[in-house]
Amino acid sequence: MNKVASGKGITPYLRYGSELNALKCKISHLISVFDDWGAVEVEIPSLLNSKSLIDLYGEDLRSRAFVTVDPVDGEKILRPDFTVPIAEMHISQNKKTGRYSYAGPVWRSQPFGSTKPKEYYQVGLEYFHESSEASADAEIFNLFLSLTGELEVEVEIGDMGLLRAIVLELDVTDSKKSLLLRHLWRPDRFQKLLKQLSTKNNSDDCRKDFIRSIEPKQIKEYILSKGPVIGRRTIEEIEVRMQNILEEDTVKPIPDGILNMVEDIQSLKCPLKSAYDKLSSHFSLGDKYVEACRNLSNRIDAIRDLGINLEKIKFTTSFGRRSLEYYDGFIFSVCLKNKPGLPPVIQGGRYDALTKVLGKGLQLPAIGGIVRPEMLLCACEDNG
């Protein structure tokens with residue numbers, strides 16, 4: 001995108017004239033494709049209430065988004081994406097199904113020195129469905145893939161459902177499973193946690209010996225006897241934490257064989273058509289993992305049935321783990337070929353876990369995706 005000189009220097013993101021008209025036309029075309037598919041266009045406010053976003057992503061969202069305070073409505077976040085507010089809107093209508101399209105800028109705070117844009121356009125689609133997961137995934141994937149036309153692209157998919165299934169199969173406490181699931185999006189931290197759980201960690205033996213010396217029924221009495229509670233934790237929270245430490249100490253370390261299988265699965269990269277065969281060699285992990293693999297197989301069949309060439313699609317188990325953090329199942333990405341420095345022109349995936357949280361336990365299967373119209377426009381111009 002051009003940069004235009006102003007009285008104070010160079011101003012990025014300033015669009016005008018034919019460039020602006022071309023962008024508007026591209027956005028209008030994309031929305032018309034979604035409209036033909038049956039989607040209803042939605043306009044979402046630029047300023048969103050911070051509570052639901054921070055509840056979902058945690059406090060570190062503040063470092064990745066632009067936060068401000070409204071004197072009447074309180075803390076607001078400049079829209080980092082469209083998915084969460086559209087999901088909230090859909091849930092509030094008490095509907096089971098829905099197809100929604102949208103277009104507009106999103107804002108992401110970037111670290112000092114980063115060349116990534118702080119503001120860029122997204123045109124996207126969210127699909128809440130009752131059809132089978134595999135067929136819905138394949139349908140949305142095919143729809144977005146069709147937007148690239150004759151462009152030379154590289155297509156990659158992943159499946160967070162496999163990694164979530166692996167965690168649920170591990171013989172560790174529920175609190176450790178929850179911790180691992182939270183850190184699926186931080187692969188380095190996830191690996192450190194797995195390593196800790198695969199060996200006897202003796203760094204806090206003194207603390208464990210001390211807690212074991214107190215009868216379980218006497219923990220609360222002991223806490224009360226030591227004077228007033230200082231800090232933000234309540235007595236009940238301290239008691240629960242002490243019980244968790246004792247429970248964790250009775251769990252055996254994760255065997256090396258299991259750890260090696262987990263590493264093999266995480267590091268898998270192969271053509272999509274070969275993915276199921278390679279993953280099925282680890283069926284001994286358990287039923288949840290087997291089910292996740294069969295879901296992948298059904299999705300592969302559904303994609304093939306739509307006439308998509310599996311040879312040209314790469315499968316990476318850990319794909320998207322550092323950036324696409326609300327997806328919990330199928331993930332897809334389309335990049336411009338021979339331009340590795342650019343972000344994906346298309347990306348999306350399944351987010352059933354997110355809708356379950358927002359819907360307070362309701363099962364609302366959902367999948368969506370976004371297009372970066374500026375990148376698509378530039379690529380079409382270069383190609384044409």
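The following legends accompany close-up views of one predicted protein model.

Because the model is predicted, local features are described only at pLDDT of at least 70 and side-chain atom pairs only at pLDDT 80 or more, while totals for chains, interfaces and linings use all residues. Residues are numbered from 1 along each chain as its sequence is written, and side-chain values use heavy atoms, with hydrogens and water left out.

View 1. A salt bridge is a side-chain nitrogen of Lys or Arg within 4 Å of a carboxyl oxygen of Asp or Glu. Side chains of opposite charge can pair when their charged atoms come close. By this rule the model contains eight salt bridges. D159 and R299 form one of them, with an N to O distance of 3.2 Å. D159 belongs to strand 9 (residues 153-159) and R299 to helix 13 (residues 287-305), so the pair ties together parts that are 140 residues apart in sequence. Helices (H or I, at least four residues) and strands (E, at least two) are DSSP runs, numbered from the N terminus. Both D159 and R299 are buried, a term that means under 20% relative accessible area, with exposed meaning over 50% and partly exposed in between (1.4 Å probe, protein chains only). The two residues are members of a network of salt bridges that links E133, D137, D159, R299, R350 and D352.

View 2. The side chains of R350 and D352 meet in a salt bridge of 2.9 Å, N to O. R350 counts as buried because its relative accessible area is 1%.

**View 3. The salt bridge between K76 and D73.** The closest N and O atoms of K76 and D73 are 3.9 Å apart, and the two residues form a salt bridge. K76 is buried, because its relative accessibility is 11%. D73, in contrast, has a relative accessible area of 51% and is therefore exposed.

**View 4. A negative surface patch that includes D35.** The residues D35, D36, E41 and E43 form a negative surface patch. Patches are made of residues with over 30% relative accessible area and no salt bridge; like charges are joined within 9 Å, and nonpolar side chains (Val, Leu, Ile, Met, Phe, Trp, Tyr) within 5 Å. Lys and Arg count as positive and Asp and Glu as negative, whereas His and the chain ends are not counted. The place of a charge is taken as NZ of Lys, CZ of Arg, CG of Asp or CD of Glu.

View 5. N338 is a residue other than glycine, yet its phi is positive, near 65°. The loop that holds N338 runs between strand 12 (330-336) and strand 13 (346-350). N338 is exposed because its relative accessible area is 66%. K360, also not a glycine, has a positive phi of about 55°. This residue lies in the loop between helix 14 (352-358) and strand 14 (366-371). With 77% relative accessibility, K360 therefore counts as exposed.

View 6. Q363 is placed in the loop between helix 14 and strand 14. The C-alpha atoms of Q363 and K96 are separated by 9.0 Å, while the residues are 267 apart along the chain. Q363 is exposed, because its relative accessibility is 60%. D301 is found in helix 13, and its C-alpha atom is separated by 9.1 Å from that of S135, 166 residues apart along the chain. At 32% relative accessibility, D301 therefore counts as partly exposed.

View 7. C25 is exposed, because its relative accessibility is 53%. C270, by contrast, has a relative accessible area of 6% and is therefore buried.

Notes:
Areas by Shrake-Rupley, 256 points an atom, 1.4 Å probe, with all protein chains shown as cover.
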